[in-house]
Amino acid sequence: MKPDINNLSRDTIVEFIGSIFDRRGDEEYLGEPVNMGQHMLQGATIAEQNDQPEEIIVGALLHDIGHFTSEFGTFTMDDTEDRHHEDAGAEVLERFFPSVITDCVRYHVAAKRYLCATRPEYFRRLSDASVHSLNLQGGPMDAKEVAVFEQNENLEQIIAVRYLDDAGKRPDMVTPDFWHFAPMVQRMVDRHCTTQT
Ligand SMILES: [Fe+2]
């Protein structure tokens, strides 16, 4: 059953996200040799193996959650344009997670455009599918866009999650499942909700 996003709470959001991983993690990640669940779990696992802070691990774990936004019932027949998955994901998460997490989700596509503009070696490492989507996403940022992007107070974390996004495409990597990360996801929710009340 798909609960209404409005009925989710601080106490149920983590379990709900976990159920999305369990039920839909095996969906195809277009053009990549891993499925969606593996892709996000790989990014989080690589971050954990490299002793990254929890906000980076959780950001990587959730960065593509917007691919499953139909789960949250946020699409309506009144929508007049396609919702980009990065925006949809951030919208769903912002009630429950600190801005550092939602920024990592919201700007992971922009970060690719940023890195392509500022680090030539980055572009050369992109997968074919990622180069293809880069073109659909507007290509590398221009100088003005770069300057605006660099104003984001979470720039460092956004870039870190972007690199994990690119790294999480290994067909043979073994990872823990979502529930291994659930306690730290809950800590992020608690951090946000505690400062809100
Ligand atoms: Fe991704």
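Keep in mind that the model is predicted.

I'll start with the metal. Which protein residues donate to the iron ion? They are His 39 and His 63, each through NE2, and Asp 64 and Asp 165, each through OD. These donors lie 2.1 to 2.3 Å from the iron ion. Along the sequence, the spacing of the donor residues reads H-x23-H-D-x100-D. As for geometry, the angles among the 4 donor atoms run from 77 to 172 degrees, and the site is irregular.

Next, Ser 130. You will find Ser 130 in helix 8, which covers residues 128-136. Is Ser 130 buried or exposed? Its relative accessibility is 3%, so Ser 130 counts as buried. Leaving out residues up to four places away in sequence, Ser 130 touches Glu 32, Lys 112, Arg 162, Asp 166 and Lys 169.

Last, the helix pair. In general, two packed helices are described by the angle and the distance between their axes. For helix 3 and helix 11, the axes come within 10 Å and cross at roughly 115 degrees. The two helices are therefore roughly perpendicular to each other. The crossing is left-handed. On the helix 3 side, the contact is made by Glu 54, Glu 55, Ile 57, Val 58 and Leu 61. Helix 11 contributes residues including Phe 178, Phe 181, Met 184 and Arg 191.

How values were computed
Residues numbered from 1 in each chain as written. Predicted model: local features only at pLDDT ≥ 70, side-chain atom pairs only at ≥ 80, totals over all residues. Heavy atoms only, no water. Donors = N, O, S within 2.8 Å, 3.2 Å for Na, K, Ca; no water. Tetrahedral: all angles 85-135°; square planar, octahedral: opposite > 155°, others 65-115°. Helix = DSSP H or I, 4+ residues; strand = E, 2+ residues; numbered from the N terminus. Buried < 20%, exposed > 50% of the residue type's maximum accessible area, 1.4 Å probe, protein only. Contact = heavy atoms within 4.5 Å. Axes fitted to C-alpha atoms, helices over the stretch in contact; angles between N-to-C directions. Parallel < 35°, antiparallel > 145°, perpendicular 65-115°, else oblique. Left-handed = near helix turned anticlockwise from the far one by under 90°.
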